[in-house]
Every structure is written in C-alpha cells, then in structure tokens.
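Q: Before we look at the model together, could you show me how to read its core, its helix packing and its aromatic pairs?

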Amino acid sequence: MGRTHSDQPDPQTTLRAGLPDRYLTPDDIAEMFEVPKETVYQWRKKRTGPPGFRVGKHLRYDPADVHAYVTKLRHEDAEAA
C-alpha cells in the first residue's frame, strides 16, 4: 500500500519538531519556500540554497541542514537591517 501526499508529514512541522523522520525532497523544499521546483534546482546549481545531497539519482535534503540554512539567512537579514 503506497503513501499518498496527504500521508506525508508537513516539512515545516518536521523542521519545528526536531529530528526528521525522513529526508526532504525538492518538492518539499519548493513547497516550504513557496517557489517553483525549478528554483530549487537553480539554487543547487548556483550553490545558493539549502545544502542537498544525492542518493543515487535522487536529490534529498536533511531537515536539520535546511533549518540551519534558514537560521543563517535570518541572522544575516537581521545584521543587514
């Protein structure tokens, strides 16, 4: 029996809850940041977005790394203000 999209945990909830129970996909990142999936791939190509890694041909993101990335952005934004 396969899992449906509604069975998947919300990425933002996963980040707030602490350690992930799964790695995030490019679709999760796009939804979380409310950007097109192509933007996520461009961030990876330009090395400007959250760090990801490959498992075979699949791109995945560790929620802890995404959380650290967001924290860094918020810190940089606060210093610039």
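A: Let us begin with the core: a nonpolar core is a set of buried Ala, Val, Leu, Ile, Met, Phe, Trp, Tyr and Cys residues joined through side-chain atoms within 4.5 Å, where buried means under 20% relative accessible area, exposed over 50% and partly exposed in between, with a 1.4 Å probe and protein chains only. This is a predicted model, in which local features need pLDDT of at least 70 and side-chain atom pairs count only at pLDDT 80 or more, while totals for chains, interfaces and linings use all residues. Residues are numbered from 1 along each chain as its sequence is written, and side-chain values use heavy atoms, with hydrogens and water left out.

Q: Which residues make up the largest nonpolar core?

A: In soluble globular proteins, nonpolar side chains tend to be buried together. Here the largest nonpolar core has eight residues, namely Leu-24, Ile-29, Ala-30, Met-32, Val-40, Leu-59, Tyr-61 and Val-66. The largest share of this core, three residues, comes from α2, helices being DSSP runs of H or I with at least four residues and strands runs of E with at least two, numbered from the N terminus. Buried positions in α2 are Pro-26, Asp-28, Ile-29, Ala-30 and Met-32.

Q: At what angle do α2 and α3 pack?

A: Two packed helices are described by the angle between their axes and the distance between the axes. The axes are lines fitted to C-alpha atoms over the stretch in contact, and angles run from 0 to 180 degrees between N-to-C directions. For α2 and helix α3 (residues 37–46), the angle is about 105 degrees and the axes are 8 Å apart, which makes α2 roughly perpendicular to α3 (65 to 115 degrees; under 35 is roughly parallel, over 145 roughly antiparallel and the rest oblique). Where they meet, with contact meaning heavy atoms within 4.5 Å, Pro-26, Asp-27, Ile-29, Ala-30 and Phe-33 in α2 face Lys-37, Val-40, Tyr-41 and Trp-43 in α3.

Q: How many aromatic pairs does the structure hold?

A: Rings of Phe, Tyr and Trp (its six-membered ring) pair if their centres lie within 6.5 Å, and planes under 30 degrees apart count as stacked, over 60 as edge-to-face and the rest as tilted. The structure holds three such pairs. Tyr-23 and Phe-53 are edge-to-face, at 5.2 Å centre to centre and 85 degrees between the planes; because Tyr-23 lies in the loop between α1 (11–17) and α2 (26–33) and Phe-53 in strand β1 (residues 53–55), the pair ties together parts that are 30 residues apart in sequence.
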